[in-house]
Amino acid sequence: MAPDPTDVTFGTEIYDEAGTRLGTVRGFDEHGFYVSTDGGIAALSSEHLASGIAGEAELMWRCWSCGEMGDIEKLPDECPACGAPKEDIYYWQED
């Protein structure tokens, strides 16, 4: 029997199979959704890099509305390019 479909949107809380809260949905792209963890970006590791080799990818922020990107250390309260709210900004891995 197929599981019931779940409506996943910005801010949806995500849990693992054991019921442990992993974080909240922060963004979407063609690969799926991104989750902000309680520990923030420190929770990311080299396993999250596409190549698996540290130093070949850079973690940035990206605007869901217009695609603007910037330094993750300077996460804006709104997109500086289009004015989209902070909820439209998510973590992005740039090669």
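The model is predicted.

The protein chain contains six strands and zero helices. The chain has 95 residues, and 25% of them are buried. Among contacts with a separation of 6 or more, 36% join residues 24 or more positions apart.

Three of the strands form an open sheet. Their order is β1-β2-β3, and the pairing is antiparallel. Strands of a sheet pair through backbone hydrogen bonds, either parallel or antiparallel. The edge strands are β1, residues 13-15, and β3, residues 32-36. Each of these two pairs on one side only. From one strand to the next, the twist averages 55 degrees. Strand β2 spans residues 21-29. Five bridges join β2 to β3, and the two strands run antiparallel. One residue pair can be named here. Asp29 has Gly32 of β3 as its bridge partner.

The aromatic residues were examined next. The structure holds two aromatic pairs. A pair of aromatic rings is described by the distance of the centres and the angle of the planes. For Tyr90 and Trp92, the ring centres lie 6.1 Å apart. The planes of these two rings meet at 80 degrees. Planes over 60 degrees apart count as edge-to-face, so the Tyr90 and Trp92 pair falls in that class. Tyr90 and Trp92 also belong to one aromatic cluster, together with Trp64.

Buried means under 20% relative accessible area. Tyr90 has 4% relative accessibility, so Tyr90 counts as buried. Trp92 has a relative accessible area of 12%, so Trp92 is buried as well. Trp92 has a further neighbour, a charged residue. Arg62 lies over the face of Trp92, at 4.3 Å from the ring centre. Trp92 thus takes part in an edge-to-face pair with Tyr90 and has Arg62 over its ring face.

Notes
Residues numbered from 1 in each chain as written. Predicted model: local features only at pLDDT ≥ 70, side-chain atom pairs only at ≥ 80, totals over all residues. Heavy atoms only, no water. Pairing = 2+ DSSP bridges. Helix = DSSP H or I, 4+ residues; strand = E, 2+ residues; numbered from the N terminus. Axes fitted to C-alpha atoms, helices over the stretch in contact; angles between N-to-C directions. Phe/Tyr/Trp six-rings, centres within 6.5 Å; stacked < 30°, edge-to-face > 60°. Buried < 20%, exposed > 50% of the residue type's maximum accessible area, 1.4 Å probe, protein only. Lys NZ or Arg CZ within 6 Å of the ring centre and 35° of its normal. Contact = heavy atoms within 4.5 Å.
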